Amino acid sequence: MSSVVQGFTKSLAMTVLSEIGDKTFFAAAILAMRYPRRLVLSGCLSALIVMTILSALVGWAAPNLISRKWAHHVTTLLFFGFGLWSLKDAIFEEGESEELAEVEAKLDAEYKANGGSTKDSNKVNDDLKKQKRPFFTQFFSPIFLKAFSINFFGEVGDKSQLATIGLAADENPFGVVLGGIIGQAICTAVAVVGGKSLASQISEKVIALSGGILFIVFGIQSFLTPIE
C-alpha cells in the first residue's frame, strides 16, 4: 500500500508542476474562450487521461523488457535530466509568456483558417442543434475531437509523459496513473475555468524552478533507494 501512496503522491506533484504553464494548459485555456467549456474540458481531459494510462503501461512493461536495475538507473537519470532542464528554463529563458504566445498564435491561425469569424453568427443555430443532439454524441463533435487531438499530440515526447513512464517503471503503476489523472484533472479544470486571463498571470519561471527542484529531489531519492 505504501508503494501505491508513494507513486500517487509523486505522480500528482510531478503532474501538477509539469502541466501548469505547459503548452497543453495554455491550449485548454484558449480553446475554452472560443468553444463550450464542457466540450473543451472533456476533450482535453480525455486525451490526457489516455496518454497517462499509455505512458504508465510503457513504464510498467519496461522492467519486463530490461532488468529492473537498468530501469531504475534510467529513471534516476531521467529525473536528474528533467530537473536540470527545468532549472535551465527557469534561469535562462526570457519572458514570462513565451509558451502562451506561441500556443495562442498557432490556434489563432487555425481559428481564422477554419472560418472562426462566422462562429458568433451561427451560435444560435449551434445551440439549437445541441439541444436536439443526443448527449453522448456531443462529445464526438469537431470541438471535442480538436481539443482531444491538440492535447494528445501535444503530450507526445513531453517531459510529463516521459516522467510518467519513468515513475511507472520505478513505482506502483496504479498509484502513478491515479495521481497523474487527478493532477491532469486539476490543471485542465483550472485552465478551462480560468481561461487566458488566469493563464497569462502564471509565472513560467516560478513553475519551471519548482518543477526542476522537484525532479532533482525525485532523482536524489531514486539514487539513494536500494534496488530490490
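## Close-up views of an all-helix model

**Figure 1. Lysine 10 and its salt bridge.** Lysine 10 is buried, with a relative accessible area of 5%. The model shown here is predicted. In this model, the side chain of lysine 10 meets that of glutamate 171 in a salt bridge, 3.0 Å from N to O. A search of the whole structure finds one salt bridge. Lysine 10 belongs to helix H1 (residues 2-19), while glutamate 171 sits in the loop between H8 and helix H9 (173-199), so the pair ties together parts 161 residues apart in sequence. Glutamate 171 is buried too, because its relative accessible area of 11% falls under the 20% cut-off.

**Figure 2. The whole protein chain, for orientation.** The secondary structure comes to ten helices and zero strands. Along the sequence, the pattern reads α-α-α-α-α-α-α-α-α-α. The protein chain has 228 residues, and 43% of them are buried. Its accessible surface comes to about 12100 Å². Carbon and sulfur atoms account for 68% of that surface. Take the contacts between residues at least 6 apart in sequence: 94% of them join residues at least 24 apart.

Figure 3. The whole structure holds eight aromatic pairs. One of them joins phenylalanine 79 and phenylalanine 218 in an edge-to-face arrangement. The ring centres are 5.7 Å apart, with 65° between the planes. Phenylalanine 79 lies in helix H4 (residues 68-92) and phenylalanine 218 in helix H10 (residues 204-224). This pair links distant parts of the chain, 139 residues apart. Both phenylalanine 79 and phenylalanine 218 are buried. The two also belong to one aromatic cluster, together with Phe82, Trp85 and Phe215.

Figure 4. Phenylalanine 144 and phenylalanine 148 form a stacked aromatic pair. Phenylalanine 148 is partly exposed, with a relative accessible area of 24%.

**Figure 5. Helix H7, end to end.** Helix H7 covers residues 142-155, which is 14 residues. The buried residues of H7 are Phe144, Lys146, Ala147, Asn151, Phe152 and Glu155.

**Figure 6. The loop after helix H7.** Just after H7, glycine 157 takes a positive phi of about 80°. Aspartate 158 is found in the loop between H7 and helix H8 (159-170). Aspartate 158 is buried, with a relative accessible area of 16%. What does aspartate 158 touch, not counting residues up to four places away in sequence? Its contacts are Glu19 and Asp22.

**Figure 7. A nonpolar patch on the surface.** Val50, Ile53, Leu54, Leu57 and Trp60 make up this patch. Together they have about 450 Å² of accessible area. Leucine 54, one of the patch residues, is placed in helix H3 (residues 37-65). Leucine 54 is partly exposed, with a relative accessible area of 41%.

Methods:
Residues numbered from 1 in each chain as written. Predicted model: local features only at pLDDT ≥ 70, side-chain atom pairs only at ≥ 80, totals over all residues. Heavy atoms only, no water. Patch = residues over 30% accessible without salt bridge, like charges linked within 9 Å, V, L, I, M, F, W, Y side chains within 5 Å. Areas by Shrake-Rupley, 256 points an atom, 1.4 Å probe, with all protein chains shown as cover. Salt bridge = Lys/Arg side-chain N within 4 Å of Asp/Glu carboxyl O. Helix = DSSP H or I, 4+ residues; strand = E, 2+ residues; numbered from the N terminus. Buried < 20%, exposed > 50% of the residue type's maximum accessible area, 1.4 Å probe, protein only. Expected span 1.5 Å × (residues − 1). Contact = heavy atoms within 4.5 Å. Phe/Tyr/Trp six-rings, centres within 6.5 Å; stacked < 30°, edge-to-face > 60°.
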